[in-house]
Amino acid sequence: MQTDNHENNIAEPGTSPIGNDEDSFFMEMRALVSLDEASRIIGTKGETISKIRNDNNVKIGISKTVPGCSDRILTTSGEYTNVANSLCDVIEQLLVSYNSEKEQDENDVSLMQKKKFPFPFLNHILPLPSINEIKDSHELKNIGYIRLIVLNLQLSSIIGKQGTKIKSLIEKNGVKIVASKDFLPDSNERILEIQGFPNYISNTIKDIGTTLHNDQVITESHEQLPQQVTNAKLYYPHLKNPIDNDEVKATVLVPETFVGAMLGKQGKRLNSLRKYTNTKIIAAKATESKDDQVYFFTITGNNMKNVLMAESMLLKNLETEMERRQERISNTNNSSES
């Protein structure tokens with residue numbers, strides 16, 4: 001598949017047109033970030049990422065740091081326009097943070113654009129933005145980027161036949177877009193790098209979400225992958241050549257009242273999760289905890305990627321069940337009041 005750089009001059013900041021979508025839909029997007037970027041996105045005591053979460057009504061988080069790895073994964077999910085807006089806020093936050101450094105030149109690209117990393121997928125595919133591409137040199141430092149992580153099947157949808165769709169995205173939104181030629185390690189996912197002003201990137205992501213939704217290749221959750229991407233191998237930060245073969249472990253704490261839902265009828269839900277992630281998961285009551293109403297779900301495996309996937313899916317199942325019960329309580333209260 002042809003994935004040559006599709007470039008266009010970056011448009012001036014402002015509000016680029018957004019497509020009028022009749023229906024709203026749920027969307028999850030993942031982006032690759034460096035350790036330094038992750039730290040700036042999270043902010044002091046998590047205040048920055050909490051504000052992004054609350055302002056956009058999304059679930060947003062960053063994967064744990066893996067020793068020896070220089071990358072982390074940012075995941076945001078919710079109504080598709082909210083997801084795109086939350087990523088806009090992420091890019092804006094990074095630009096504000098890097099542009100406040102004393103080394104930043106007012107008439108040069110942001111320091112955010114000049115970083116180099118040991119993990120090749122963190123480095124830019126696109127060339128740095130140029131002063132020749134915009135009218136106001138002071139706006140050069142406000143051009144940002146994002147590294148979306150997309151399945152190869154989804155990428156085909158985004159590019160379109162003979163690159164027609166990706167060209168349309170570039171022309172409509174005034175951004176630059178390019179896809180990595182290589183897959184992320186041990187996965188069938190690739191990087192889709194988008195460069196431009198934050199609100200233009202946000203509009204582009206909305207259009208991408210609409211395209212994937214219409215083509216029915218959107219990832220709503222790990223448990224609800226469409227049939228054609230059921231065997232998707234998702235990327236997670238991990239060491240390509242582990243120092244040893246020791247077991248990797250992770251633990252998820254689950255309130256006792258939610259244990260049944262996590263296990264499923266006759267344990268089928270948990271068994272399905274074990275098979276999907278190729279891990280061992282054992283649920284046991286916390287005997288040493290001050291709160292004896294908590295169960296430990298201990299995940300073990302020889303592959304860190306699989307363990308992290310199982311941990312993420314368990315946490316998502318728990319959050320979903322908590323929200324379902326809270327919604328049921330709210331509906332009951334509303335019925336009794338009326």
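Let me start with C69, which is buried, with a relative accessible area of 9%, where buried means under 20% relative accessible area, exposed means over 50%, and partly exposed is in between, all with a 1.4 Å probe and protein chains only. C88 also counts as buried, at 10% relative accessibility. As for disulfides, the structure holds 0 of them, a disulfide being taken here as a pair of cysteine sulfur atoms within 2.5 Å. In general terms, a disulfide is a covalent bond between the sulfur atoms of two cysteines.

Before I go on, please keep in mind that this is a predicted model, in which local features need pLDDT of at least 70 and side-chain atom pairs count only at pLDDT 80 or more, while totals for chains, interfaces and linings use all residues. Residues are numbered from 1 along each chain as its sequence is written, and side-chain values use heavy atoms, with hydrogens and water left out.

Now the overall picture. The protein has 10 helices and 9 strands, which are DSSP runs numbered from the N terminus, with helices being H or I of at least four residues and strands being E of at least two. Of its 338 residues, 48% count as buried. If we take the contacts between residues at least 6 apart in sequence, 74% of them join residues at least 24 apart, and by contact I mean heavy atoms within 4.5 Å.

Which residues have the most contacts inside the largest nonpolar core? They are L148, L192, I194, I205 and I208, in a core of 44 residues, and a nonpolar core here is a set of buried Ala, Val, Leu, Ile, Met, Phe, Trp, Tyr and Cys residues joined through side-chain atoms within 4.5 Å. Helix 3, residues 80-99, gives the most to this core, with 9 residues. There is also a second, separate core of 24 residues, which includes V248, V252, I281 and I299. As background, nonpolar side chains tend to be buried together in soluble globular proteins.

A84 lies in helix 3, and at 0% relative accessibility A84 counts as buried. Leaving aside neighbours within four places in sequence, A84 touches S202, I205 and K206. The C-alpha atoms of A84 and N56 are separated by 9.2 Å, although the two residues are 28 apart along the chain.

Let me turn to helix 5, residues 152-159, which packs with helix 7, residues 198-214, at an angle of about 110°, with the axes 9 Å apart. Axes are lines fitted to C-alpha atoms, for helices over the stretch in contact, and angles run from 0 to 180 degrees between N-to-C directions. Helix 5 is therefore roughly perpendicular to helix 7, given that angles of 65 to 115 degrees count as roughly perpendicular, under 35 as roughly parallel, over 145 as roughly antiparallel and the rest as oblique. On the helix 5 side the residues are Q154, S157 and I158, and they meet I208, T211 and L212 in helix 7.

Helix 5 also meets helix 6, residues 164-173, where the axes come within 5 Å and cross at roughly 65°, so that helix 5 is roughly perpendicular to helix 6 as well. This contact is made by S157, I158 and I159 of helix 5 together with T164, K165, I166 and L169 of helix 6.

Next come two loop residues. K45 sits in the loop between helix 1 (35-42) and helix 2 (47-56), and K45 is exposed, with a relative accessible area of 79%. N57 is placed in the loop between helix 2 and strand 2 (59-62), and N57 is exposed too, at 63%. Phi is near 55° in K45, a positive value in a residue other than glycine, and phi of N57 is likewise near 55°. For context, most residues other than glycine have a negative phi.

Finally, where is A261 placed? A261 belongs to helix 8, residues 259-263, and, neighbours within four places in sequence aside, A261 is in contact with R269, E321 and R325. A261 and L318 are 57 residues apart in sequence and 8.3 Å apart in space, C-alpha to C-alpha.
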